[in-house]
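Thanks for making the time this morning.

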Amino acid sequence: MRYMATYDMMETLRNTNQWMGATAKAMASYPMFSMVPNPAFQWMSAWGEVTERAYARMVVKPGWRLDFVSTEDGKDHLVEVETVLAKPFGDLIHFAVPGRTPRDRKVLLVAPMSGHYATLLRSTVRSLLPDCEVYITDWHNARDIPVSAGKFDVEDYTLYLAEFIRELGADTHVIAVCQPGPIALVATAYLAATTPAAQPASLTLIGGPIDPDANPSDVTDFGNRVQMGQLEETMIQQVGFQHAGVGRKVYPGLLQLMSFMAMNSDTHSKAFTDQIIRTAQGEARDNDKHNRFYDEYLAVMDMTAEFYLSTVHRIFKQREVARNAFYVQGIHADISKIISVPVIVVEGENDDISAPGQCLAALDLLTGLPKSLKASHLEPGAGHYGIFAGKSWRNNIRPLVLDFIAGTQQRRKSKPSKA
């Protein structure tokens with residue numbers, strides 16, 4: 001019971017701010033006030049509208065909003081979200097496109113479990129759909145998972161990912177974005193140690209903290225600045241009574257959001273001030289650039305306490321992946337045993353979360369992999385978000401990754417069969 005009040009207090013504050021926004025908007029919109037025109041009412045209504053929307057989005061899982069995809073037959077085909085494998089802490093889902101010729105490139109996007117939902121990769125999915133059969137890891141909000149479902153730590157994440165790859169088959173091309181980069185690497189190594197034939201066809205690592213000390217950033221160096229006891233005391237709370245996961249210890253998404261916002265507080269403050277001005281002037285729209293971004297950015301999910309703490313301890317503090325010392329259920333996920341899976345690393349020159357060099361460290365760990373199967377790309381001028389969802393991704397990185405996958409497939413086809 002120690003932290004339940006704190007968890008519920010955060011939700012109470014969020015709910016109160018949402019209510020205050022809704023109240024301000026409703027009060028300032030009374031028709032009677034139009035009899036005495038006063039810009040104060042316009043500003044009050046605008047503030048209320050922006051505030052209500054912002055705080056309401058924090059507890060809503062965004063939809064995929066992938067209505068259709070255009071293909072070479074000149075038709076727009078509907079996109080259906082199908083669950084391939086359902087598990088307590090996350091599902092493997094497929095973006096099926098009925099009526100079109102199945103694509104021979106099967107891609108598994110490994111979404112981060114770092115406070116946001118997998119829908120953060122919506123634009124990445126949309127850009128890959130015309131050319132690939134796209135699958136993604138859809139992680140669940142920990143507050144909605146009953147305590148009876150058990151624990152979920154960084155090893156469990158690795159086992160989930162290994163199971164998803166086995167389910168899809170060895171012709172799967174894995175693309176891990178940001179936080180799951182090191183876990184995707186060790187999951188591949190785990191498969192190399194346990195079921196070599198189940199290893200993926202290729203592995204793309206985008207902005208992942210393989211070695212956080214290779215070029216520390218404010219985010220990745222966080223683990224070195226705090227003690228584990230401090231984290232457990234200050235960051236871990238128990239889910240409140242209104243959720244199915246009541247009593248489960250979590251790292252709350254609202255705390256993570258506060259950290260995200262604090263990193264660029266001036267930018268976010270200006271963005272919301274500008275949106276209030278646009279709303280007051282009647283220029284804001286439901287689906288404008290601000291709302292599209294913040295509807296996703298503000299939607300956060302809780303992580304299990306054991307996943308958060310084990311990730312900080314093992315990935316960042318102990319650097320188990322960087323030292324090639326990661327074990328899964330007693331089995332050494334030896335990265336040097338990856339000898340046939342092509343790997344490409346993508347980094348952004350201006351990435352302030354996983355700085356250049358952190359992800360590139362993966363190639364040095366792949367001592368058993370021929371140089372011909374290793375590749376890397378540093379995107380000039382790109383920040384963290386841009387390397388998987390922005391203009392840099394669309395114009396430069398996506399074509400590069402697709403060419404890498406195509407080259408991998410060509411090598412597999414030309415490889416002599418073992419008769």
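Which side chain meets that of lysine 61 in a salt bridge? It is the side chain of aspartate 138, with 3.1 Å from N to O; please keep in mind, here and throughout, that this is a predicted model. The pair links distant parts of the chain, since lysine 61 sits in the loop between helix 2 and strand 1, whereas aspartate 138 belongs to strand 6, 77 residues apart. Lysine 61 counts as partly exposed, at 38% relative accessibility, while aspartate 138 is buried, at 8%.

A second pair joins glutamate 296 and arginine 122, whose closest N and O atoms are 2.8 Å apart. Glutamate 296 is buried at 6% relative accessibility, and arginine 122 is buried at 8%.

Staying with helix 10, its buried residues include Tyr294, Asp295 and Glu296, and what covers the buried residues of this helix includes helix 2, helix 3, helix 8 and helix 9. Asp295 is also linked with Arg53, Arg57 and Asp286 in a network of salt bridges.

Let me turn to the sheet, which is open, has eight strands in the order 3-4-6-5-7-8-14-15, and shows mixed pairing. Its edge strands are strand 3 and strand 15, each pairing on one side only. Strand 3 and strand 4 pair in the antiparallel sense over seven bridges, and glutamate 82 stands opposite histidine 94 in strand 4. Helix 5 packs on the sheet, touching strand 7 and strand 8, and its direction makes about 160 degrees with that of strand 8.

How values were computed:
Residues are numbered from 1 along each chain as its sequence is written. This is a predicted model: local features need pLDDT of at least 70, side-chain atom pairs count only at pLDDT 80 or more; totals for chains, interfaces and linings use all residues. Side-chain values use heavy atoms; hydrogens and water are left out. Buried means under 20% relative accessible area, exposed over 50%, partly exposed in between (1.4 Å probe, protein chains only). Helices (H or I, at least four residues) and strands (E, at least two) are DSSP runs, numbered from the N terminus. Contact means heavy atoms within 4.5 Å. Two strands pair if DSSP finds at least two bridges between them. Axes are lines fitted to C-alpha atoms, for helices over the stretch in contact, and angles run from 0 to 180 degrees between N-to-C directions. A salt bridge is a side-chain nitrogen of Lys or Arg within 4 Å of a carboxyl oxygen of Asp or Glu.
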